[in-house]
Amino acid sequence: MPRVVIAMPAYNAANFISATLDSVLAGTCLDLEICVVDDGSIDRTADLASSRGPRVRVLQQANRGMSASRNRAIAESDSEFVALLDSDDLWHPAKLALQLSVLDARQDVGLATFTRRCF
């Protein structure tokens, strides 16, 4: 079981999903799984995501919207933490590692966000 599941809804995201997945997979946190929920795409979204390797799991469903897609990814996860990622966003390589370090150090903290001021 990976420590973090990244819930990523994707709908017709073929133009940018590879860069998004690369930004996460190039990060310093390795104990993760990216759960891409292809929400009824009619482009190559699912194929591109599936080709990214074993840390990317692709679920497919009829179009139900972003919230339903996120909820499905979370429901099918058994990870300690959940991170949310849109299919057209890019992450800094240390994002998850920095967030996990805060969560590990501070048991009174239950949510970690990320801003540019962190660097």
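Predicted model: local features only at pLDDT ≥ 70, side-chain atom pairs only at ≥ 80, totals over all residues.
Residues are numbered from 1 along each chain as its sequence is written, and side-chain values use heavy atoms, with hydrogens and water left out.

**Entry on the sheet**

I noted that β1 and β4 run parallel and are joined by four bridges; two strands are said to pair if DSSP finds at least two bridges between them. As background, strands of a sheet pair through backbone hydrogen bonds, either parallel or antiparallel. In which order do the four strands of the open sheet stand? I read the order as β3-β2-β1-β4, with parallel pairing. The edge strands are β3 and β4 (81-84), each of which pairs on one side only. Neighbouring strands of this sheet are turned by 25° against each other on average, direction ignored, where axes are lines fitted to C-alpha atoms (for helices over the stretch in contact) and angles run from 0 to 180 degrees between N-to-C directions.

**Entry on β2**

Next I followed β2 (residues 32-39), which pairs with β1 (residues 4-10) in the parallel sense over seven bridges, with V4 standing opposite L32. On β3 (residues 56-61), which runs parallel to β2 and is joined to β2 by six bridges, I found V56 as the bridge partner of I34 and R57 as that of C35.

Is β2 mostly covered or uncovered? I found it mostly covered, since eight of its eight residues are buried, buried meaning under 20% relative accessible area, exposed over 50% and partly exposed in between (1.4 Å probe, protein chains only). L32, I34, V36 and D38 point one way and E33, C35, V37 and D39 the other, and all are buried. In β4, by contrast, F81 and A83 form a covered face, and V82 and L84 an uncovered one.

**Entry on the helices**

I traced β1, helix α1 (residues 17-25) and β2 as a right-handed β-α-β unit, and likewise β2, helix α2 (residues 45-50) and β3. A crossover is right-handed if, with the strands pointing away from the viewer, the path from the first strand over the helix to the second runs clockwise. Helix α1 lies across β1, β2 and β3, running at about 165° to β2.

T45, in helix α2, is buried because its relative accessible area is 0%. Not counting residues up to four places away in sequence, T45 touches A10, N12, A13, A14, I17 and D38, contact meaning heavy atoms within 4.5 Å. Its side chain makes a polar contact with the side chain of D43 (2.6 Å), and a polar atom of that T45 side chain lies 3.2 Å from the backbone nitrogen of A14. A polar contact is a pair of N or O atoms within 3.5 Å; within protein, one must be able to donate a hydrogen and the other to accept it, and residues adjacent in sequence count only if both atoms are side-chain atoms.

Why does S87 count as buried? S87, in the loop between β4 and α4 (95-105), counts as buried because its relative accessibility is 9%. Leaving aside neighbours within four places in sequence, I listed the contacts of S87 as M8, P9, A10, A13, F16, I17 and T20.

How values were computed. Helix = DSSP H or I, 4+ residues; strand = E, 2+ residues; numbered from the N terminus.
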